[in-house]
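Subject: Handing over the structure, with notes on what was found

Dear colleague,

Please find the structure below, together with its sequence.

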Amino acid sequence: MIETIAQVQMPVDEKLSIRRQRLRADAKKDSGNRICIVTGIHGDELEGQYVCYETGRRILENPHYLTGTVDIYPALNPFGIDSVTRGIPAFDLDMNRIFPGRKDGDMNEYLAAEILHDMEGAGLCLDIHASNIYLTEIPQIRINELFKETLLPYAKLSNVDFIWVHGASTVLESTFAHSLNSRGVPTLVVEMGVGMRITKEYGDQLVDGIFSLMKEQGIWSGPVDRVRTPVVSERADDVCFLNAPVSGVFLKQKSHNSMVKKGECIGVIINPLTLEPACEIRAPESGLLFTIREYPIVDEGSLMGRIICNAPVVSSFL
Ligand SMILES: [Zn+2]
């Protein structure tokens with residue numbers, strides 16, 4: 001059932017509506033538990049669109065296994081998704097910096113408040129992001145240290161390759177996930193793939209994880225696949241960053257999700273005008289390359305990649 005959870009009138013004609021698809025078990029099978037699948041806060045991140053569709057499709061294929069409620073929100077920033085714009089069009093505003101919002105605030109604050117209100121009481125929420133147009137990411141979950149104890153067990157069931165626990169000092173209190181976690185709804189932030197694209201393989205991987213979480217939550221009684229064992233990083237020095245030493249055009253040589261050795265070349269930066277020798281970007285440490293620059297134009301200091309140092313080699317990476 002499609003329902004509108006928040007709506008505001010635009011100045012002349014249009015209405016801005018945030019809608020969800022609710023899939024609910026028959027009353028006699030309903031455990032009363034609910035999971036929210038959320039995406040589209042950033043309108044240029046499209047990986048979650050496929051995840052929403054595929055989750056719903058699999059449920060509708062076997063609705064007799066459904067024993068709770070699955071709420072799917074494909075576009076929290078609908079104008080952003082429709083125009084493939086990262087922020088809220090016309091406001092030049094990052095929607096993931098306006099939570100928890102206010103019911104008596106301006107239209108965007110009002111929408112943020114209504115969104116949180118609609119999800120209150122859910123047992124679990126997944127907030128699916130897709131990096132940005134510059135970087136490709138392996139499927140991962142990012143957790144604020146503040147909520148680690150609650151979220152880590154769920155994250156391990158999510159079938160992602162990597163769980164990154166951030167220090168409390170980097171917490172952004174105005175994000176959707178932080179607001180919902182603060183209200184007692186465990187909310188996992190997923191990052192995977194790249195902006196403006198859909199990586200079906202990653203989507204299928206995450207959907208498998210969503211079904212395993214649904215099973216754990218008493219929302220799904222059907223068979224689920226075994227989930228993969230993620231690498232978990234809980235120390236700041238586990239992750240090393242590669243930044244561009246010069247401006248130019250980046251040609252990558254290693255793809256993400258590959259193991260690299262210290263000193264190995266990940267890519268080169270060339271200058272097509274000066275024809276100076278290519279600047280090689282080398283791995284500062286051995287480990288798993290979990291982020292790689294996708295967008296070729298780089299400025300000095302641009303992020304080129306990230307490596308989990310000392311990452312244990314697990315089967316999914318071989
Ligand atoms: Zn995002």
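Two strands are said to pair if DSSP finds at least two bridges between them. With that in mind, Val249 stands opposite Ile297 in strand S16, and S11 and S16 pair in the antiparallel sense over two bridges. Please remember throughout that this is a predicted model.

**The two domains**

The domain assignment of the protein gives domain 1, which covers residues 2-233, and domain 2, which covers residues 236-317. The C-alpha centres of domain 1 and domain 2 lie 29 Å apart, and the contact between these domains takes 16 residues from domain 1 and 18 residues from domain 2. On the side of domain 1 that touches domain 2, the elements that give two or more residues are strand S6 (135-144), strand S7 (162-166) and strand S9 (231-233), and among these S6 gives the most, with five residues. By type, the residues on that side of domain 1 divide into eight nonpolar, five polar and three charged.

Strands of a sheet pair through backbone hydrogen bonds, either parallel or antiparallel. S6 and S7 run parallel and are joined by five bridges, with Gln140 standing opposite Phe162 in S7. On the pairing of S7 with S9, the sense is again parallel, over three bridges, and here Phe162 stands opposite Val231 in S9. S7 is mostly covered, since four of its five residues are buried. Together, S6, H4 and S7 make a right-handed β-α-β unit.

**Helix H6**

Helix H6, residues 200-216, has 17 residues and reaches 24 Å from its first C-alpha to its last, which is close to the 24 Å expected at 1.5 Å a residue. Which residues of H6 are buried? They are Tyr202, Gly203, Gln205, Leu206, Val207, Gly209, Ile210, Phe211, Leu213 and Met214. What covers the buried residues of H6 includes strand S3 (34-39), helix H1 (47-61), strand S5 (124-129), S6, helix H4 (148-156) and strand S8 (187-193). Just after H6, Gly218 takes a positive phi of about 75 degrees.

Most residues other than glycine have a negative phi, and most peptide bonds are trans.

- The peptide bond from Phe99 to Pro100 is cis, with omega near 5 degrees, and Pro100 is found in the loop between helix H2 (78-83) and helix H3 (107-119).
- Ala90, a residue other than glycine, has a positive phi, near 80 degrees, and its place is in the loop between H2 and H3. Is Ala90 buried or exposed? Ala90 is exposed, because a residue counts as exposed if 12 or fewer other C-beta atoms lie within 10 Å of its own, and Ala90 has 10.
- Met196, also a residue other than glycine, has a positive phi, near 65 degrees, and lies in the loop between S8 and H6. With 16 C-beta neighbours inside 10 Å, Met196 counts as partly exposed.

**The sheet of S14, S13, S11 and S16**

Finally, I return to the strands with which these notes began. In what order do the four strands of the open sheet lie? The order is S14-S13-S11-S16, with antiparallel pairing, and the edge strands are S14 and S16 (297-298), each of which pairs on one side only. S11 (residues 248-252) and S13 (residues 265-270) pair in the antiparallel sense over four bridges, and the bridge partner of Phe250 in S13 is Ile269. S13 is in turn joined by four bridges to S14 (residues 279-282), and these strands run antiparallel, with Arg282 in S14 as the bridge partner of Cys265.

With best wishes

Conventions. Residues numbered from 1 in each chain as written. Predicted model: local features only at pLDDT ≥ 70, side-chain atom pairs only at ≥ 80, totals over all residues. Domains from an automatic or database assignment. Contact = placed C-beta atoms within 7 Å. Nonpolar A, V, L, I, M, F, W, Y, C, P; charged D, E, K, R; others polar. Expected span 1.5 Å × (residues − 1). Buried ≥ 20, exposed ≤ 12 C-beta atoms within 10 Å, placed from the backbone. Right-handed = clockwise from strand over helix to strand, strands pointing away.
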